[in-house]
Amino acid sequence: MPHVPIRSAAAQSRAQARAVSLDLAEHHGRTVSAAGLYISLVVIYGWFGGMKFTAYEAEGLTGLVGNSPLLSWTYSLFSVRAFSSLLGILELSIGALIAARLVNPVYSLVGGLLSAGLFATTLSFMVTTPGVTVPELGFPAISVAAGQFLLKDIGLLALSLWIAVDSLAALRSTNA
């Protein structure tokens with residue numbers, strides 16, 4: 001009679017259960033992670049966009065926008081508060097488009113692309129805004145207020161592009 005260890009059957013059963021658990025964790029983990037990424041950018045746009053309607057935020061933008069060759073001209077057309085409010089409307093709209101992924105991925109594709117454009121623009125402020133770097137400390141020293149505030153936009157740009165690509169993949173899979 002061949003010797004079949006009882007332990008190996010139990011170990012095999014545990015290994016199969018662990019594999020099923022890992023598959024479930026991977027599948028649901030990806031879903032939860034993706035939802036978290038979408039939600040986080042929606043919250044950021046809701047918060048930042050809402051703040052654009054305050055005098056505090058409008059005045060805080062003047063050093064960034066006023067020194068930008070891409071945007072400084074806007075202050076000749078709009079007051080500081082009006083420009084900030086228009087930017088708030090844009091940011092709230094981008095957040096709504098990204099949230100509308102629940103309705104149709106085409107909305108979040110557009111929102112992701114607009115978001116990427118906005119963050120690419122704000123990253124340009126790192127070059128045009130005085131006081132972003134701290135030369136006396138040498139490279140890679142950047143200031144807390146402007147430099148570190150703008151540096152986070154690298155991650156937000158990457159997230160925006162990820163949302164656009166994820167939305168495009170969802171559109172392609174529904175059209176296939």
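UniProt, in an unreviewed entry, places the feature "transmembrane region" at residues 35–55, 75–99, 106–127 and 139–165; UniProt positions follow the numbering used here, feature names are shortened, and annotations may be inferred rather than shown by experiment. The structure is a predicted model, with local features needing pLDDT of at least 70 and side-chain atom pairs counting only at pLDDT 80 or more, while totals for chains, interfaces and linings use all residues. Residues are numbered from 1 along each chain as its sequence is written, and side-chain values use heavy atoms, with hydrogens and water left out.

Two of these annotated stretches can be checked against the fold. Residues 35–55 come out as 86% helix and 0% strand, with 33 Å between the end C-alpha atoms. For residues 75–99 the figures are 92% helix, 0% strand and 31 Å. Helices here are DSSP runs (H or I, at least four residues; strands are E, at least two), numbered from the N terminus.

On to the aromatic side chains: the structure holds 3 aromatic pairs, meaning rings of Phe, Tyr and Trp (its six-membered ring) with centres within 6.5 Å, where planes under 30 degrees apart count as stacked, over 60 as edge-to-face and the rest as tilted. One of them is Y45 with F119, a tilted pair because the ring planes meet at 40°, with the centres 5.8 Å apart. This pair ties together distant parts of the chain, since Y45 belongs to helix α1 (residues 6–51) and F119 to helix α5 (residues 105–128), 74 residues apart. Y45 is buried at 1% relative accessibility, and F119 is buried too, at 5% (buried is under 20% relative accessible area, exposed over 50%, partly exposed in between, with a 1.4 Å probe and protein chains only). Y75 and F83 have ring centres 5.7 Å apart and planes at 80°, so this pair is edge-to-face. Here Y75 is partly exposed at 22%, whereas F83 is buried at 9%.

Next, the pockets. A pocket is found on a 1 Å grid over the protein atoms alone, as an open set of points where a 1.4 Å probe fits, with protein on both sides within 12 Å along at least five of seven lines; lining residues have an atom within 4 Å of a point. Grid points are joined across faces, edges and corners, and a volume is the space filled by probe spheres set on the points. The largest pocket has a volume of about 580 Å³. Its lining counts 28 residues, with K52, E57, L61, E91 and F149 closest to the centre. Two or more lining residues come from each of α1, α2 (55–66), α4 (80–99), α5 and α6 (144–151). By class, the lining splits into 19 nonpolar, 4 polar and 5 charged residues (Ala, Val, Leu, Ile, Met, Phe, Trp, Tyr, Cys and Pro are nonpolar, Asp, Glu, Lys and Arg charged, and the others, Gly among them, polar).

The second largest pocket has a volume of about 160 Å³. Among its lining residues are Y38, R101 and D166. Helix α1 gives the most to this lining, with 5 residues, and the classes are 8 nonpolar, no polar and 2 charged.

F139 and P140 are joined by a cis peptide bond, with omega about 10°, and P140 lies in the loop between α5 and α6. S68 sits in the loop between α2 and α3 (74–77) and is buried, at 1% relative accessible area.
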